[in-house]
2 protein chains.
Amino acid sequence: MTARIREFLRNRRDDGPCMVLDLDVVRDNYHAFAHALPDTRVFYAVKANPAPEVLALLASLGSCFDTASVAEIEMALAAGATPDRVSFGNTIKKERDIARAFELGVRLFAVDCKAEVEKVARAAPGAQVFCRILCDGAGAEWPLSRKFGCVPEMATDVLEHAHRLGLEAYGVSFHVGSQQRNTGAWDQALASASAIFRECAERGIHLRMVNLGGGFPTKYLKKVPEVESYGEAIFRSLSRHFGNRMPETIIEPGRGMVGNAGVIESEVVLISRKSEEDEVRWVYLDIGKFGGLAETMDEAIRYPIRTRHDGGPKTPCVLAGPTCDSADVMYEKEPYLLPVSLQIGDKVLIEGTGAYTTTYSAVAFNGFPPLRSYVI
Amino acid sequence: MTARIREFLRNRRDDGPCMVLDLDVVRDNYHAFAHALPDTRVFYAVKANPAPEVLALLASLGSCFDTASVAEIEMALAAGATPDRVSFGNTIKKERDIARAFELGVRLFAVDCKAEVEKVARAAPGAQVFCRILCDGAGAEWPLSRKFGCVPEMATDVLEHAHRLGLEAYGVSFHVGSQQRNTGAWDQALASASAIFRECAERGIHLRMVNLGGGFPTKYLKKVPEVESYGEAIFRSLSRHFGNRMPETIIEPGRGMVGNAGVIESEVVLISRKSEEDEVRWVYLDIGKFGGLAETMDEAIRYPIRTRHDGGPKTPCVLAGPTCDSADVMYEKEPYLLPVSLQIGDKVLIEGTGAYTTTYSAVAFNGFPPLRSYVI
């Protein structure tokens, strides 16, 4: 929460939940990354928050962009990025989307299997590709599934296939898991990356780049390490595994760049009990899983919630959204402590909601409009 | 899949995934409900699919509407329903939304606690309310959480509170769980409802209505009973618990009204393996959890998927969506059998997707547009 956001909300007259994002915080975050990892290029993960104001600010600061679709590429370009600063980082691309990206000037593509390499070779001849490898994600609050990447043992073949098809086998990428609180999590993946560099070199292919991915956390309820600690730990691991043949590096922060810049204001719609004996109250907000808080699925992300009653006694509450969908419950297995004096009609502030909220919002579920967003 | 949908898709020229819904099927479903439960008023659950064409058809057939928000009320009215045919069935309502509904002529509201009764009494004086009770949902493919309803023991107090505040304590509602395949599931809840009728009568309050909710299934992979069987089972339970003092009844089908009327056409974007040894292939579609298939969460709903290779040998596949979100995986714990000869670029048809798809779709996650819908 910043003074600017507080001021904005005080003067807001619109009705309904909203997310307010403070660009000053994004600017600070960008500088913190640039300072902590001075030799690393920052590719902002557009999917975290593609607001045009965010993209324009980051473009002006010199950021590059990690994109998931042609629409995101177009947004990055519209914000002022040149195509050499855009990576098509999704390993799952339609061939016609690769062709469109190539037409727009993009020359950097993610792959994780030979079939994807073949699409890139046909639709973006001569482009640079990096191969994503699987990574166990231990220590992450939101460990990733096996959806992206191949086992490290397969990466050399994938990159060699790219090389043979006339692409530039440029490097290796991985992702240590979202909201990664262990600064040492990059070490194991960097060991794998370094092995792939060696194997490729033995086949006459000289990789140059390691994409360190995202995973940099936002502070929610628990304390997280500072960006500097990540920078130091990553630098140590890079030195350990690559010695004096340091590769180019890329990071792709999304949550770490915008998460703490945003706050959602929501209203308490109902507080009830299911029976006279219930000790846990049910608190229903006007935003839920389908209105922007999708990352509460499996109660993965626990956002800090501020109310005007903070400081007083608290009781455990189940926190749920406003829709007629019974799955629209944010915290139930581990109830959330909220003030006893919280009332229907109160506003609450949900912090750390600058990333992965507005675009996750359902288009019109239950007739509720998508989450409104203000960038200030 | 109907001949009309097949014909439409053959002639479609737009790109990207889409859902096509055949109104003839919706008409048949409406008549099946009306026939199976001749003395019951049908309140279509608008949230399942609020397409204007669907609402207009159902309004013309005489259907009433169960709504979750003011926006849905307005849609039902715009489709031709009079306000006496609209229920504000969400137990979680802002007081100003109740007032707005009352202004629009709505006189029927759901409640499940005294706090909500008080809001309705202030904002919709004299209106009819029904109290939702909890129900265990055994036998449902998607049992509901405890989000809606109070324990049956509390309902009499809630209804008495309504009565004292000048509202008409009109009845009881419950929901036996979504995609309920046990036709007997209504019996236990009707026993509870009948007890509440008796307790209220002892306090001088004469309830008149039982809202039997939804839960009527759509055929996905497993066979489901016909609507007639539900009608017969419900009628038997009503007779058992209410004898010759039969209450008015309401049903709120959503999935059962539109689920089997819709088909999603999607494209295979990538097929890969994570390692050379993997026996399970990964199949990535251009639609996923955030593009309309939200009900695959926890692999709850397993949609039938048709391909042009059906009939040939199949292999287990993990099925995932196109976004850079690692949670965007539909079926993994229990892999989905798909043809060995399935290829990148193939179209697949996902059946039974007329309900809970288009409006669940994220507004622009990863830059992907929301699911397009055609009503024919």
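Let me start with the two chains. Putting chain A and chain B together buries about 5,600 Å², and carbon and sulfur atoms give 60% of that area. Please keep in mind that this is a predicted model, and the values I quote are computed from it.

How many residues take part in the contact between the chains? On chain A there are 73, and they are in contact with 73 residues of chain B.

Next, the charged and polar links. Between chain A and chain B the count is 14 salt bridges. One of the salt bridges is between the side chains of A:Lys147 and B:Asp328, with 3.6 Å from N to O. Polar contacts between chain A and chain B come to 36 residue pairs, where both residues have pLDDT 80 or more.

Which parts of chain A supply the side that touches chain B? Strand E12 of chain A gives the most, with five residues. If you sort that side of chain A by class, you get 35 nonpolar, 17 polar and 21 charged residues.

Now to aromatic rings. Searching the whole structure gives 30 aromatic pairs over all chains. Among them is the pair of A:Tyr356 and B:Phe365, which is edge-to-face. Their ring centres are 6.4 Å apart, and the angle between the planes is 65°. This pair crosses between chains. A:Tyr356 sits in the loop between strand E17 (347–351) and strand E18 (372–375) of chain A, and B:Phe365 sits in the loop between strand E17 (347–351) and strand E18 (372–375) of chain B.

Let me turn to the inside of chain A. The domain assignment gives domain 1 as 89–253 and domain 2 as 260–375. Five residues from domain 1 of chain A and eleven residues from domain 2 of chain A make the contact. How far apart are the C-alpha centres of these two domains? They lie 35 Å apart.

The area buried between domain 1 and domain 2 of chain A is about 810 Å², and 69% of it comes from carbon and sulfur atoms. On the domain 1 side, the residues that touch domain 2 are three nonpolar, one polar and one charged. Across this interface of chain A there are zero salt bridges by the rule.

Conventions: Residues are numbered from 1 along each chain as its sequence is written. Chains are lettered from A and ligands numbered from 1 in the order in which they are written. This is a predicted model: local features need pLDDT of at least 70, side-chain atom pairs count only at pLDDT 80 or more; totals for chains, interfaces and linings use all residues. Side-chain values use heavy atoms; hydrogens and water are left out. Domain bounds come from an automatic or database domain assignment. Contact means heavy atoms within 4.5 Å. Buried area is the accessible area (1.4 Å probe) that two parts lose on being put together, summed over both. A salt bridge is a side-chain nitrogen of Lys or Arg within 4 Å of a carboxyl oxygen of Asp or Glu. Ala, Val, Leu, Ile, Met, Phe, Trp, Tyr, Cys and Pro count as nonpolar, Asp, Glu, Lys and Arg as charged, and the others, Gly among them, as polar. A polar contact is a pair of N or O atoms within 3.5 Å; within protein, one must be able to donate a hydrogen and the other to accept it, and residues adjacent in sequence count only if both atoms are side-chain atoms. Helices (H or I, at least four residues) and strands (E, at least two) are DSSP runs, numbered from the N terminus. Rings of Phe, Tyr and Trp (its six-membered ring) pair if their centres lie within 6.5 Å; planes under 30 degrees apart count as stacked, over 60 as edge-to-face and the rest as tilted.
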